[in-house]
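Subject: Handing over a structure

Dear colleague,

I am passing on the structure that I have been going through, with the sequence alongside.

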Amino acid sequence: MEYEGAIYRPPSEAESLILQATVGCSHNRCIFCGSYKNKRFRIRSFDEIRHDIDEASSWGVEIRRVFLADGDALFMPQKRLLEILFYLRDKLGELRRVGIYGNARSILHKTARDLTELREAGLGIVYLGIESGNRRVLEKIKKGATYEEMVAAGRRVKEADISLSVTVLLGIGGTELSHQHAMDTGRILGEIDPDFVGALTLMVVPGTPLERETASGAFELPDPFALLEELGIMIGNCELSKCLFTSNHPSNYLPLKISMPGEREKALQTIQRVLTSRNRSLLRPESLRAL
Ligand code: SF4
């Protein structure tokens, strides 16, 4: 397999074959993200991708899941994506699901019919990073999409009957917008009603614009208990019909896995217990946190 630069994938794609369909991120402007800063965005040629799929199919192992990297592979033209999905289906007989990262703009460039076509060709899950439901935060972090666009994009994926996994980012509002960020993020999650939510906790990445804002004092990261408070507000403020809400990414201080809405109250009680205790030993140690 040919990979260019560091490769990122959602935790739930740990067992998947990672196929690099695009290099970098088509947006690449979020002020907190350092993942693809050294990569110039490009769409790999079908020949390059076909070569990788041929190689994987020659390994003689059962490949049930494929994840299409990099940052926003859904940006690819519909024709190219379909070509890849059909070829995967032809070559990997045991394939059950293909996953992909898609930002809101890329999703909205696809029609509902396009997304349905992709689902029929094997696309099973889209991962959408919304980070926040607060309008000021979305602008400040240069997310490249508005609240309304996030909601429309998430709903369009769901309407096409593709599973939707949404990522939110604790701490991204800083101390200034912490409460509002948590409230509005809970609200947007309810409006999108995804199948999965993954809450991550902000870690300021060296070399990013956010690091410079932090150094100058313009941005201040909430302390671990304030971050946990955000998680509680989000969970308490989102109405989800059927969703697995997790905070078990290594960046988080308190790993939780909540089947919503049934386990919501239990999760809120757990969070409240830790908040009341102010006991740091109940939180993941700083040294074990990672992105
Ligand atoms: S869209 Fe995602 S990958 Fe691209 S810069 Fe923003 S956070 Fe990073």
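**The pockets**

Strand 5 (97-101), strand 6 (123-131), strand 7 (163-170), strand 8 (196-201) and strand 9 (243-246) are the places to look at to begin with, as each of these strands supplies at least two residues of the lining of the largest pocket. Please keep in mind throughout that this is a predicted model, and that the values in this email are computed from it.

The largest pocket has a volume of about 1,400 Å³, and of the 50 residues that line it, those closest to its centre are Arg9, Pro10, Tyr101, Thr167 and Leu200. When the lining of the largest pocket is sorted by class, there are 25 nonpolar, 16 polar and 9 charged residues.

The second largest pocket holds about 160 Å³ of space, and its lining is made up of 16 residues, of which His27, Asn103, Arg105, Ser106 and Gly144 are the closest to its centre. Helix 3 (104-108) and strand 6 each supply at least two residues of the lining of this second largest pocket, and helix 3 gives the most, with 3 residues. By class, the lining of the second largest pocket divides into 5 nonpolar, 7 polar and 4 charged residues.

**The cavity**

How many cavities of 30 Å³ or more does the count come to? The count comes to 1 cavity, and the volume of the largest cavity is about 40 Å³.

**The protein as a whole**

Stepping back from these spaces, you will find that the secondary structure of the protein comes to 10 helices and 10 strands. The radius of gyration is 19 Å, close to the 19 Å that the globule rule gives for 291 residues, so the protein is as compact as a globular protein of that length. Taken along the principal axes, the box that the C-alpha atoms fill is roughly 55 × 40 × 35 Å. Of the 291 residues, 49% count as buried, and among contacts between residues at least 6 apart in sequence, 77% join residues at least 24 apart.

Is Asp70 buried or exposed? Asp70 is buried, because its relative accessible area is 0%, and the cut-off for buried is under 20%. The side chain of Asp70 makes a polar contact with the side chain of Gln20 at 3.0 Å, and it makes another with the side chain of Lys39 at 2.9 Å. Leaving aside residues up to four places away in sequence, Asp70 touches Ile7, Gln20, Thr22, Val23, Gly24, Tyr36, Lys39 and Tyr101.

**Backbone details worth checking**

A cis peptide bond is also found from Met260 to Pro261, with omega near 5°, and Pro261 lies in the loop between strand 10 (257-260) and helix 10 (264-277).

Glu131, whose place is in strand 6, has a positive phi of about 65° although it is not a glycine, and Glu131 counts as buried because its relative accessibility is 8%. Asp193 is found in the loop between helix 7 (174-192) and strand 8, and its phi is near 55°, a positive value in a residue other than glycine. With a relative accessibility of 17%, Asp193 counts as buried, since the cut-off is under 20%.

With best wishes

Definitions and conventions
Residues numbered from 1 in each chain as written. Predicted model: local features only at pLDDT ≥ 70, side-chain atom pairs only at ≥ 80, totals over all residues. Heavy atoms only, no water. Buried < 20%, exposed > 50% of the residue type's maximum accessible area, 1.4 Å probe, protein only. Polar contact = N/O pair within 3.5 Å; in protein donor to acceptor, adjacent residues only side chain to side chain. Contact = heavy atoms within 4.5 Å. 1 Å grid on protein atoms, 1.4 Å probe; cavity = no way out; pocket = protein on both sides within 12 Å on 5 of 7 lines; lining within 4 Å. Points joined across faces, edges and corners; volume = space filled by probe spheres on them. Helix = DSSP H or I, 4+ residues; strand = E, 2+ residues; numbered from the N terminus. Rg over C-alpha atoms; globule rule 2.2 N^0.38 Å. Nonpolar A, V, L, I, M, F, W, Y, C, P; charged D, E, K, R; others polar.
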